[in-house]
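Thank you all for coming.

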Amino acid sequence: MRVPLLDLREQLKPLRDEIVREVTEVIDSTSYVMGDKVEAFERDVSAYCQTRHSIGVTSGTDALLASLMGLGIGPGDSVLTTPYTFIATLGCILRLGARPVFVDIDPVSFNIDPDKIEQFFEDEAGAQKVKAIIPVHLYGQCADMTKIMALAKRYGVAVVEDAAQAIGASCPMEENGVLTWKRAGSMGDTGCFSFFPSKNLGGIGDGGMIVVNDDELAKKIKIIRVHGGEPKYHHAVIGGNFRLDPIQAVALKVKLPHLPDWHKARRENAKVYNRLFEQTGLVASGKIKLPVAVYADAAAQIDTTPDYHIYNQYIIRAEERDQLRDYLLKAEIGSEIYYPIPLHKQKCMEPQYNALSMPEAEKAAAETLALPIYPELTDEMLTHVVTTITEFYRQ
Ligand SMILES: *Cc1c(COP(=O)(O)O)cnc(C)c1O
């Protein structure tokens, strides 16, 4: 049985006619840049993410770049982030001439470790002009935003949430001693989403969104989105062409209402995997480790939302990971390593970064494997994945 890592065909089937109708309408309108269609989708995202403003942009990468530009980050500034994320997070910092400061991850959630951020501020921040923190909500689960926002406030730095993998994920936030759920992207100064087709909400091409609560910052970023032109052809600041295409906006608007159901299906798949893997004995023997939904305890306290992990990826740690991956490949089961090389070890980084030691990120890069988790997987497919992995360790 073939089990691809991701198959978008099944998801498309019931929505195809509506998407084709909407896209055709855009084509026939000859209104191809920005306009009502983009604004309508932005309003839907604001409602879903519980933010005052949404700004449609070209991609998740440009959402990060335009956010940092809006916050005035540039040469001489430092930006704190995780070394265990997609390159886009780092690329935006470097392209603006700012310096990345890497803080290692928490090995359970794979997200940036807030205690290590605190340690950095106490020990080393004095020498650097830290302007912002970019926490990444990796695999569909938010970083510890209660602690991160408290530190940001204490040290007067901005927070740009890289929520590319976490649209719609809920995060428990403690404010004045009260625990409430907040949506990914709505807690920092800006939140950045990607509509790359493999994300939980994927377009029919590239796209992204910045969500913002502050009116002034939203206004700035909207100007940056159109080359800094305000009014048109008058440029007080430099921006870029960061506009979301209306063809993407209409396709995404059709898909957005289905997102809660897709999150639910991914969560159910994760439950099935967890149960089946427990039964194999692979967990007890330490051959594999299952992903941990770290906010389950908070969920028990606050109730109401199960979306504290939206499983953009289902990640196990596996012994003999690379051999397991080859075995799965031969069995026509898709898997992927997100990410095989932590960012401080990348060739594009200067030698002093390569020399850094980020033990948890390095360990994660050597051990993790993403298994198929997309909503339309059948129980037979999930069982087949687990059976094949069990076979590998029995050889
Ligand atoms: C996908 C992704 C991005 C970039 O999004 P694009 O739309 O592909 O530019 C940034 N950060 C993370 C963590 C991502 O997963």
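When I say that one element covers or meets another, I mean contact, that is, heavy atoms within 4.5 Å. Helices (H or I, at least four residues) and strands (E, at least two) are DSSP runs, numbered from the N terminus. Please keep in mind that this is a predicted model, in which local features need pLDDT of at least 70 and side-chain atom pairs count only at pLDDT 80 or more, while totals for chains, interfaces and linings use all residues. Residues are numbered from 1 along each chain as its sequence is written, and side-chain values use heavy atoms, with hydrogens and water left out.

Let me begin with helix α15, residues 379-394. Its buried residues (under 20% relative accessible area, with a 1.4 Å probe and protein chains only) include L382, V385, V386 and I389, and among the elements covering the buried residues of α15 are α10, β10, β11, α12 and β12.

Turning to the strands, β10, β11 and β12 form an open antiparallel sheet in that order, where pairing requires at least two DSSP bridges between two strands. Because β10 and β12 stand at the edges with a single partner strand each, one side of each has no neighbour in the sheet. Between β10 and β11 there are 2 bridges, and K289 has R317 in β11 as its bridge partner.

Finally, the contact of α10 with α15 brings residues including V272, Y273 and L276 of α10 to residues including L382, V385 and I389 of α15. The residues of this contact divide into 8 nonpolar (Ala, Val, Leu, Ile, Met, Phe, Trp, Tyr, Cys and Pro), 4 polar (the others, Gly among them) and 1 charged (Asp, Glu, Lys and Arg).

Key
The expected span of a helix is 1.5 Å times one less than its number of residues. Buried means under 20% relative accessible area, exposed over 50%, partly exposed in between (1.4 Å probe, protein chains only).
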